[in-house]
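Student: I have a structure open on my screen and I'd like to learn how to read it. Can we go through some features together?

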Amino acid sequence: MKPKQTKVTKTALKRSINYHIKCKLCKELSSCDNHCIFLSTALSLRDRLVETMLSTEKEYRKEGRKRAYYLSMEFLIGRLLGNNLYNMGIFGTCKEAFIEMGYDIDEVREQEKDAGLGNGGLGRLAACFLDSMATLGIPGFGYGIHYEYGLFKQDIDNGYQKEKPDNWLAEFNPWEIKRPDEKCIVPIFGRVEDGQDRDGNYNPMWLDWKTLIGMPYDIPVAGYDGKTVNWLRLYEANASMDFDIQIFNEGDYFQAVHQKIASETVSKILYPSDTAKFGKELRLVQEYFLVACSLRDIVRRYLKDHDTFNAFHEHISIQINDTHPSLTIAELMRILVDEYSLPWDTAWDITQKTVSYTNHTILPEALETWGTTLMEEVIPRHLQIIYEINRRFLQEVSVRWPGDTDRLSRMSLIEEGERKKVRMAHLAIVGSHGTNGVAELHTRILKEKIFPDFYEMWPERFINITNGITQRRWLLKSNPRLAQLISNTIGDSWIIDLYQLKRLEAFAYDSNFQAAFIKTKRASKEIFSRIITDTTRVSIDPGSLFDIQAKRMHEYKRQLLKVMHIIYEYLSIIRGQKRPLAAKTFIFAGKAAPGYWAAKQIIKLINNVAMIINADPAVKDIMKVVFVPDYRVSLAEKIIPAADLSEQISMAGTEASGTGNMKFSLNGALTIGTLDGANIEICEEVGEENIFIFGLTAAEILRMKQNGSYHPHDYYDMYPEIRLVLDAFRNNTFCPAEPGLFQWIYNKLLYEGDPYFHLADFISYIKTLEKADEEFNNPALWAQKSILNIARMGKFSSDRSIREYANKVWEVKTVKGEKQEKQKVRGLGG
């Protein structure tokens, strides 16, 4: 049975908050500001979470349940105060307590910084999965890195993105618990010396290595209703000792300090730039550090209850989230073979049965590789193990396909050439028992295009598990008005069973429910409008159509296509060629990687277009364009509920899945998108009539690439709409003060092949948007379609995703006696 969560009364909560104000913060309530109340409340909740976390762990060990460990370079957990209050079932209790104490809960929640532990969808997916594992009572835990600085804080200066440090840990994080008693030693660098053991067997020795110390910090992860609390363990890199005593004694104090600083750089920043050797080395060290710390901890926990590794895979499942933790395979082999003297074949059998791999990318250039020279310098023993894995694997391939040297070259873990590289995705596939894609189209492309040789060899190892999102974060917490409307209408069982939203279908055609839905949407738009005014000084009309594209800036996601549509619409209106069907506000949000020039230039383009349009009285009440800076989880929680139209317009065949599309649909936005990623499955679920699909399919694009039939200039010559937009890039319409600034876009689309097929999809895109405009002018029809989108989103809960991982991949069961569908769910708590 799950441990029982003790109900927290208002009096007990206030008493606990006051205790922490006095004993932890050394203040009186009368002198506390909102930040002080946030800290003391978080500490109060943490006390209760830790108590349940320890009880949960005791139950897991008593039951002897198999555990799932989720290794990821990112966990984009956002803010935790509101999330924990909802999951513990005491949001209403806390709100009332704050009122009696003279504080506003929303103002207090705003004091919390977003945790800088991730960048985009990869990290947010990992956070959703942790929530679902705890809610479902699955012994599932996360391992990551305790980054001191997040990706960066994004400012906009003269239209350009400017990166500032995101020191989210400038003040202490009240949710985490430092665990110095469980720190681990990580060997790194050095050399390998060939040798033999006493029996004459090959026994390589890793010598002259340096050491890092992995200092763990645990963040409790509460499932909904607080009955299960798992944990996310994050490792901070410390020097092996305060200083290298030998260097210090030799009088070189500054060198000793330098070594300490270099060691601690490993966990300083998320995703260091890899354009220079130092950045590449640091990134590799980070990936190894994550894997080494995680596996040492996993093995330590396992050996508490077992004397041998015979049952390791029966009690442990390790999921690697994309290729970044692929060194898990080499490190687990090293531990088993080098430290515990298991025969190679035994260790390999254990490793394959324990590890599984999720692929998150279709773009070949995003499949990670590491130079063998760098790996030999940083982790020489692991490179040696990878070579041996590859030797044995290629022998298998040779037996299966004798004489097929091309196949050997394609499947090898080593990419040959002037500079040899290790293909990390190949290592992950070969060293695991399963590889999954994250949407049906994505998985099909993996099988047929990206890894066809591996699929032919091991078809049973490739499966699809479509991504999902937690409705507790992305509806219950982020859109409480809509959540309350839904619960008042069909009950609140949807909070743990999203398929229950299907019962809303009957209300999609009800004029009273439509009116109530429209009212909640309007309230969300008004809230977000105020945020826009505060952050950008642009006033927008909450009654206008909010057309939103909020996601990481990348060319394949085609923010440029959206801007091209805006330019077309604006120029058509001011030339008298088009009458707008609806007032519209075009909203962008997203960060570009610091070294990604093209993506940063597109941000500049968006801001220049916004400056011209927003200052033009001819479209004052018709169009506004806004770029909202510093996109993050807490901002997404305001943007998504306010959206009318969700832009999911990546070129077909490039987006693995996407989860933003799911979040927007769950909150009642209609999607305009290509048949890419999870858009396809959303279309299947909500119905073609309730989504706006345009553009070429992945198969059509592939065929055009293969036969060379895509000629961008033909589209320019054929369509005046395209000429109107591209000529604006050439004639400086949107950069009068910086002539030639956007000439590169004209050149790239017309003369450099338009790699993401903007021109091929443009006409279909603008025609489909015109249809969306027409339907927005019919509020009842739009509301009906929005409600049907919400009602049919049951498939896209991360609870469903995690059940599939648990059943198909991990073979992990929920804690005995607890069946999710029979749980009694607490109310919304205010």
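Tutor: In general, a disulfide is a covalent bond between the sulfur atoms of two cysteines. Here the term is used for a pair of cysteine sulfur atoms within 2.5 Å. This is a predicted model, where local features need pLDDT of at least 70, side-chain atom pairs count only at pLDDT 80 or more, and totals for chains, interfaces and linings use all residues. Residues are numbered from 1 along each chain as its sequence is written, and side-chain values use heavy atoms, leaving out hydrogens and water.

Student: How many disulfides does the structure hold?

Tutor: The structure holds 1 disulfide.

Student: Are Cys32 and Cys36 buried or exposed?

Tutor: Buried means under 20% relative accessible area, exposed means over 50%, and partly exposed lies in between (1.4 Å probe, protein chains only). Cys32 and Cys36 are both buried. Cys184 counts as buried too, at 9% relative accessibility, and Cys735 is buried with a relative accessible area of 2%.

Student: Which residues are buried in helix α1?

Tutor: Helices here are DSSP runs (H or I, at least four residues), strands are runs of E (at least two), and both are numbered from the N terminus. In α1, the buried residues are Leu13, Ser16, Ile17, His20 and Ile21. They cover an arc of only 140° around the axis, so they sit on the same side of α1; the arc is that of the directions from the helix axis to the C-beta atoms. Thr11 and Arg15, on the other side of α1, are exposed.

Student: Where is His313, and what is it in contact with?

Tutor: His313 is in helix α10 (residues 312-315). Contact means heavy atoms within 4.5 Å. Apart from neighbours within four places in sequence, His313 is in contact with Lys66, Ile350, Lys353 and Thr354. With a relative accessible area of 18%, His313 is buried.

Student: How far apart are His313 and Tyr710 in sequence and in space?

Tutor: They are 397 residues apart in sequence and 50 Å apart in space, C-alpha to C-alpha.
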